[in-house]
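Here are my notes on the model you sent over, as numbered points. Have the viewer open while you read, and click along.

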Protein chains: 2
Amino acid sequence: METLNGLKRTHYCGDLRESNIDEEVVLMGWVQKKRNLGGLVFVDLRDRSGICQIIFDTDVNAEAFAKAEKLGSEFVIAVKGKVAERSSKNPNLPTGDIEIFATELRILNKSETPPIYIKDDDNVSEELRLKYRYLDLRKPSMQKNLILRSKVASIVRNYLSQNNFCEIETPFLIKPTPEGARDYLVPSRVNEGKFYALPQSPQLFKQLLMVSGMDRYFQIVKCFRDEDLRADRQPEFTQIDCEMSFVEQEDVMEIMEKMVQTIFKEILNVEVSLPLPKMTYAEAMERYGSDKPDTRFGYELTNISDIVANCGFGVFANATKAGMSVRGINVEGKADDFTRKQITHLEDHAKTYRAKGLAWMKVGADREVTSPIAKFFTPEELTSILDRMNAKEGDLLLFVADKDTVVFDALGQVRLEVARRLDLLDNSTYKMLWVTEFPVFEEDEENGRFIAKHHPFTSPMDEDIDKLESGDKASLRAKAYDIVINGYEVGGGSVRIFNADVQQKMFKALGMTEEEANEKFGFLIDAFKYGTPPHAGIAFGLDRLIMILAGTTNIKDVIAFPKNQSAVCPMTNAPAPADDTQLQELSIRVALEEK
Amino acid sequence: METLNGLKRTHYCGDLRESNIDEEVVLMGWVQKKRNLGGLVFVDLRDRSGICQIIFDTDVNAEAFAKAEKLGSEFVIAVKGKVAERSSKNPNLPTGDIEIFATELRILNKSETPPIYIKDDDNVSEELRLKYRYLDLRKPSMQKNLILRSKVASIVRNYLSQNNFCEIETPFLIKPTPEGARDYLVPSRVNEGKFYALPQSPQLFKQLLMVSGMDRYFQIVKCFRDEDLRADRQPEFTQIDCEMSFVEQEDVMEIMEKMVQTIFKEILNVEVSLPLPKMTYAEAMERYGSDKPDTRFGYELTNISDIVANCGFGVFANATKAGMSVRGINVEGKADDFTRKQITHLEDHAKTYRAKGLAWMKVGADREVTSPIAKFFTPEELTSILDRMNAKEGDLLLFVADKDTVVFDALGQVRLEVARRLDLLDNSTYKMLWVTEFPVFEEDEENGRFIAKHHPFTSPMDEDIDKLESGDKASLRAKAYDIVINGYEVGGGSVRIFNADVQQKMFKALGMTEEEANEKFGFLIDAFKYGTPPHAGIAFGLDRLIMILAGTTNIKDVIAFPKNQSAVCPMTNAPAPADDTQLQELSIRVALEEK
C-alpha cells in the first residue's frame, strides 16, 4: 500500500464542473466501478460528495495505467490528473460534463469483495445491513440522510441561539424515578448497591435551569427508554429539548412553529404558512380518532349513536344503550376499491386495536345500500345514517361500536390503513397542526388508577386547576400541546406547574403520598419555594423529524448506528457479558434464575 | 400569586440604556435587593442579562407601590414602567444611567429566604452550593460560565461545519471493552445477563464512520469513565470529537489549531499566532519533566548526571551509576523567597511524586553555595554544576536523583509548585503548543507489561512500524499529538492504523491473542478489509477548555449539574437504591457481601 506522504486532496469528486477544465486536481476516494474500454481504464471514483470519472491512459501515464488495471471495487485511491471536457457527456451525473486524465495513481488501501453492494437499491436484509453498517453507510442515500441530520441540527441551533436560547448540558447519570417508562439503570461502584438512571428526558433539570434564571434553555440531547422496541423506536433517541421562562403556551407555540418553518424552508424549500392550525384534543379525537391526526386526507369520523340507539342491529343498539358510541367513516367514492376480502383485512386491522368488529355498507345507485347489516335497519334509519355520513353512490362506509376510547383508536387506525391501501399518503405534502388541551390524566385501566397523560409537571388549565382535588380527574384539561406533522407527533410540550402547593396536589392526585413525593421529587418542591418563574417548554423528537424530512418511514435510516428490534447492535455484538471482576466491583451479580 | 395573562416582556433588565429613555417597558425577573428610601421603594431587578433599578412611587401608581412594599428577596415579579434618566447615575452598572418608574407590578411568585446568597463572593461550602444548585446557578459568574460554554460550542460547530465536518451522533449504549479506564455498565433487560457500556469515547464509531466514507466527522458528546474522582475529573465529561479521512498529522494540527485560534479570538479577543510551536515528547520531558508543559515560565530541567557520576554525594553518584539520572531546576533569583521550611514543603511535594528527596543549593555572592550537600562536592564539581545550571547570585537550585520517570515527574511537579508559590501563573496569558512523537507504549509497572499510551488504534511512526514485532517496545514513537495550553492537555489525537495486519500486530504487541482481539475488536479488523482510507483525529476536553477560557481552576464551575467527589449529586441524591422489581427485570441482584 502507498501513503499520502504530503499529497493533499484539492477537490471532492462530486464538485468538479466544466469550470474546472484544464485544472490539475487531486481526488481521493473509493473505486465504485472499473472497466476496460478501448485500451483505456475507466474508474468511477466515489466520495461523500458524489462520483467522478477518471481515465487511465497508458499514453498519459503508463505506470498509473498499469496500477489501475489491478484496481478492484472499493479500493481506496488517490489520483492526480487533469480535468478535461468529457467526450460523451452524462446528463444524469452532476460531474457528467467532465472527466479526469490521471497522471498519478496511489493505491492507499485494497478491499475484499464487500458482503453487501454499495448502492441504494440493494435488497439485502436489515440484519446484514446493520452488521456491515460501515459499508451500508457508504450508500449515497444513507450519507445524504446523515448530512441532512447534521444540517437540521445546525439550523435548529442557530435559530434557537438567535432567539436567546442557551445550550446547556444536563447530566446523563441521574436519579432513578420509577415513574412513566422504564429507566436504564447504571450501577454505581463508589456508592455500593446504588444506581444511576439514564435520563428519559432532561425534564427536571431544564425546569431547575428555569428556577436558576437561565431564562431560555435548549439542548439537542440523547434520551433513553428501556421499552420494548417497535419499528420506529430505539433504546436511545435524540430530543431537541427547550424550556422558556416568563412565557405562556402561545409564546412557546409561536417561537417553535417558526423554527419548524425555518427548517422546512432551508432543507426542503417548502413554505409553511403560520400560524399553524390548532385543534383541541377533544376535536382531534372526534374527527380523526387520534391525538396526532394525519390531515393529509379526509374520511373523518362521524357519530351516528343517536340514530342507531333503538335500531334492530343489536351490536349498535346495545352499545349505545350501554353509554358507548357508534361511529363511522365514509371512504368516499372508493366502494369498488375494496372487495369483501379486503374489508375483512380492514376488520382484522380494527381488531388489533381492540374493536370487536368492523361493520360496513357500500352505497350504490339511488343510495341503495349493500351490507350484511342493512336488513337490521328501517329505511328511515338507513336514510338518516347515509345523510349523516354524507354518503353518495360509490361510497364505502365503515363503522365501529364500542367504548369511545376503542372506537376512536380502532376507527382512527382503520382510517389510516385505508389511506395506505389507497396510496393517499403523499410524503411530499406536509400537513402540520397543533393539538391542544390534552387531558391532564389518563386512566391506567390495568391498575385502576389515573396516571399523568403528559407528565406530573404539566399545569392544568387555569379553569381546571381547582378540580385537582375534586375527583373528576377524567375531565381535567392541561396546558399541553403537541405539534403533529403528517400524523406523526413530532414534538410535545406544556406549561409547567411552578407553585409548590399545586405540584404537591398533582402528586397527590397521582396517588403519591407526600412522603413518596418528597422522596422522589423533594428537590423540585424545594426549588419551587425560592422564586420560580412561570415557565413552559417543548421537546421535539429529532429522529422522527429527520425521518419526515428524509421521506423515509424507517427510523434506522436516519441513525448512524441503530440497534435492531432486540436492542442488539449486530455489528459490535453489544450488549455482551461483563467481566466477573467488574461486576464484583459494582456490587452486583447476574441472577438469571430469579426471573 | 398573579399570572402573566398575556403580558409580554419587552426587554431584558441588563439591556436598557439611555437610548431607551421615555419608552414603556415590561421587565420580568428576580428581586435582588429592595429598600425604602425617601418614601419610595427601590428594587434591583435581576435577570440573566443583568440588573436594572425600578422605582415604585405612590404618586405614579399607588397599587404597585403598596405591593412593592411587600416584596422580599428573590420574589419573581413582572414590572411595567417608563424608562427615565437616573437622578444619581451609577457608572459601575451597565444600566446605571437609567431607572424605571413602575406603573404596574405583578408578583408572579414568592420566595422564602434562600439558604445561600445569590452573589459571586458567597463563601458557602461546595456541598451546599451543589445541594441548592438551582440557586447557585443564579450567581452572575455561574450564568456567565454557562453562556460562555454555549457560545464556545456554537463557535466550534460553526467552524467545523464550514470546514466540511458533519456532526454525527454515535451510540451511548455500546459494547463493554475491558481495556483502559473502567466502563460504566448498563444491564440489558431484553438480553438477560448481558451489559452495555457507556462510551469512554466514540473512538471506534468515528473510525468506522471514516471507513464508511463520511470523510469528516465531529461531535460534541458526553463520555463516561468510572474512575476515582479528582478535583478536575467528573464521571461524565464532554468531548469535541473529530475525525478526518485522507489526511496526515500536519493536516489535523493545522485545522485544529485554527479552531483554537478562532475560539480565543471570538471569546477573549486574544490573538493566537499560528502555527503553534511543536515539541517532541522527549524534549518536553527533558525540558519540563512533563508531556503537558506549562511554558508560561522557565525553570527548565537540566541534566547534571555526567558531572556528579563520581561525586562524593552517594545519592547522586549511586543513582548515576545505576543508570538513573540527576537533574535540577534553577529557580533564578528566588533564593531568598524560599526558607528552609518552605524548601521542606517543596521536598514533601516532590515525595508525593515518588522522589526520595529534594536536594537544594542556594547561590550567594561570588557563587558561594549554601547547601547541606555542598560539602560532598569538590570545588570543580560545584563549579561545573553551577555552570551547567547557569547559576548566579540569588539563585535557588533544586535537584532530584532517581529513575528518569520519577525525576521527570517529581521535578516537573516541583517546577509547577514553585511557580504557584511565586504566583507566576498568569491566567490571562495563554501559552500553547503541540507535543508530538509520544511513545506508542508505556510500561504498566504494576502488571509488568506494556499498555497503549494513547490507545491501541494509534499508528506508530512510519520508521518505527516494523519494530512492532521486534520487542523494543519502549522506543516506539507514535503519530500522536496533544495540544497543551498553560500546562493543561486540552486535546489529544493521533493518526490511526488503517490496515488490518498492522492492527493485528498492535493487538499482539499489547498481549492480546488473535482470539481475544477478534472477540473485542473483530468488527474493526473486518472493516479494515473493505477499503479503509487513511484517517486521523483528535478529541478536545470541552470542560477543561471552558475552564481555561473562564479563568477558573474548578471544573464544577463550568458544568451545570456536576457530581461531588463521591460521584453523588447532592441536589437529587443520585445515585439511589433501585426497585427490586426492576432489578429482577434486569436479571441482576445487589451483592454487597461479595466485596
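This is a predicted model: local features need pLDDT of at least 70, side-chain atom pairs count only at pLDDT 80 or more; totals for chains, interfaces and linings use all residues.

1. To find B:Lys292, go to the loop that runs between helix H7 (281-288) and strand S12 (301-303) of chain B. B:Lys292 is classed as partly exposed because its relative accessibility is 37%.

2. Next, the annotated positions. UniProt, in an unreviewed entry, puts the feature "binding site" at A:Glu179, A:Arg225, A:His454 and A:Arg496. The annotation may be inferred rather than shown by experiment, so I'd read it as a record and no further. Of these, I looked up A:Arg225, which sits in the loop between strand S9 (216-224) and strand S10 (236-245) of chain A. With a relative accessibility of 34%, A:Arg225 comes out as partly exposed.

3. Some overall figures for chain A. You'll count 16 helices and 23 strands in its secondary structure. Along the principal axes, the C-alpha atoms of chain A take up a box of roughly 95 × 75 × 55 Å. Chain A has 595 residues, and 58% of them are buried.

4. B:Asn158 belongs to helix H4 (residues 140-162) of chain B. Its relative accessible area is 29%, so B:Asn158 falls in the partly exposed class.

5. Now the salt bridges. Side chains of opposite charge can pair when their charged atoms come close. Over all chains, the whole structure has 100 salt bridges. One of them joins the side chains of A:Lys8 and B:Asp251, at 2.3 Å from N to O. This pair goes from one chain to the other: A:Lys8 is in the segment before strand S1 (24-37) of chain A, and B:Asp251 is in helix H6 (residues 249-268) of chain B. Which side of the pair is buried, and which partly exposed? A:Lys8 is partly exposed, given its relative accessible area of 44%, whereas B:Asp251 is buried, at 14% relative accessibility.

6. Here's another bridge between the chains. A:Asp215 pairs with B:Arg9, and their closest N and O atoms are 2.9 Å apart. On the chain A side, A:Asp215 lies in the loop between helix H5 (203-211) and S9; on the chain B side, B:Arg9 lies in the segment before strand S1 (24-37). Both A:Asp215 and B:Arg9 are buried.

7. What about a bridge inside one chain? B:Asp557 and B:Arg129 form a salt bridge through their side chains, with 3.4 Å from N to O. The two residues are 428 residues apart and so tie distant parts of chain B together: B:Asp557 is in the loop between helix H15 (542-550) and helix H16 (580-585), and B:Arg129 is in helix H2 (residues 126-131). B:Asp557 is buried, and B:Arg129 is buried as well. Over in chain A, A:Arg129, A:Arg133, A:Asp136, A:Lys139 and A:Asp557 are joined into one network by salt bridges with shared partners.

8. In chain A, the bond from A:Ala574 to A:Pro575 is cis, with omega near -5 degrees. A:Pro575 is in the loop between helix H15 (542-550) and helix H16 (580-585) of chain A. In chain B, the bond joining B:Ala574 and B:Pro575 is cis too, with omega about -5 degrees. B:Pro575 is in the loop between H15 and H16 of chain B.

9. Last, two backbone angles to look at in chain B. B:Asn164 is not a glycine, yet its phi is positive, at about 70 degrees. You'll find B:Asn164 in the loop between H4 and strand S6 (166-167) of chain B, and it is partly exposed, with 34% relative accessible area. B:Arg354, also a residue other than glycine, has a positive phi near 75 degrees. The loop between helix H10 (340-352) and strand S14 (359-363) of chain B holds B:Arg354. At 45% relative accessibility, B:Arg354 is partly exposed.

Terms used:
Residues are numbered from 1 along each chain as its sequence is written. Chains are lettered from A and ligands numbered from 1 in the order in which they are written. Side-chain values use heavy atoms; hydrogens and water are left out. Helices (H or I, at least four residues) and strands (E, at least two) are DSSP runs, numbered from the N terminus. Buried means under 20% relative accessible area, exposed over 50%, partly exposed in between (1.4 Å probe, protein chains only). A salt bridge is a side-chain nitrogen of Lys or Arg within 4 Å of a carboxyl oxygen of Asp or Glu.
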